[in-house]
Amino acid sequence: MTSAIRLRLDTLEIPVSDLQTSRDWYQTVFGVRTSWSDANHCQLAAEDNNGPGVKFLLVQTGSGQSLGFKNSSTDVDHSFADMEVDDLDGFHATLKDKGIEVPDLEAPKYDWAPKGFALQDPDGNRFGIFSFRKD
């Protein structure tokens, strides 16, 4: 039996304070391009199948809110979205070469966690970038 309902993640809606600054950052980091925009919104998507499998909708707001949270039990900072990459070291080095601020790559603090790092956009919206690959 097949289900008539097929859910999939399509778009991450992200609060930003400066649309142009954020657009430039997302284009540089994720290799996406503007597919639609107006004065207060910008939708970015990959031009081919090599980019992220999700669209980003940047929404200009003065709310001062950013996406991410601290786990009150473990004190761990969590991302609002985790993105898996095949070549973690290569992606990390590419971001550094482009002048994107990234923390050093370290071994995971927990045995259940994959190797990765936290990446924050100009407004502090937090992404987890990780890889399960061991090579």
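What pattern does the chain follow, read along the sequence? Going from one end to the other, it is β-α-β-β-β-β-β-β-α-β-β. That comes to 2 helices and 9 strands, where helices (H or I, at least four residues) and strands (E, at least two) are DSSP runs, numbered from the N terminus.

A quick word on what you're looking at. This is a predicted model, in which local features need pLDDT of at least 70 and side-chain atom pairs count only at pLDDT 80 or more, while totals for chains, interfaces and linings use all residues. Residues are numbered from 1 along each chain as its sequence is written, and side-chain values use heavy atoms, with hydrogens and water left out.

Let's start with the sheet. Here 4 strands line up in the order β1-β4-β3-β2, making an open sheet with mixed pairing; two strands count as paired if DSSP finds at least two bridges between them. At the edges sit β1 (11-16) and β2 (33-37), each pairing on one side only. On average, neighbouring strands of this sheet are turned by 25° against each other, direction ignored. Angles like this come from lines fitted to C-alpha atoms (for helices, over the stretch in contact) and run from 0 to 180 degrees between N-to-C directions.

Now look for helix α1, residues 19-30, which packs on the sheet and touches β1, β2, β3 and β4 (55-60). Touching here means contact, with heavy atoms within 4.5 Å. The direction of α1 makes about 160° with that of β4.

Back in the sheet, β2 pairs with β3 (residues 41-45) in the antiparallel sense, over 4 bridges. To find your place in this pair, look for T34, which stands opposite L44 in β3. In general, strands of a sheet pair through backbone hydrogen bonds, either parallel or antiparallel.

Strand β8 covers residues 115-120 and β9 covers residues 126-131; they run antiparallel and are joined by 6 bridges.

Finally, step back to the chain as a whole. Its C-alpha trace spans about 50 × 45 × 35 Å along its principal axes. Of its 135 residues, 30% count as buried, meaning under 20% relative accessible area with a 1.4 Å probe, protein chains only. Among contacts between residues at least 6 apart in sequence, 54% join residues at least 24 apart.

Key. Buried means under 20% relative accessible area, exposed over 50%, partly exposed in between (1.4 Å probe, protein chains only).
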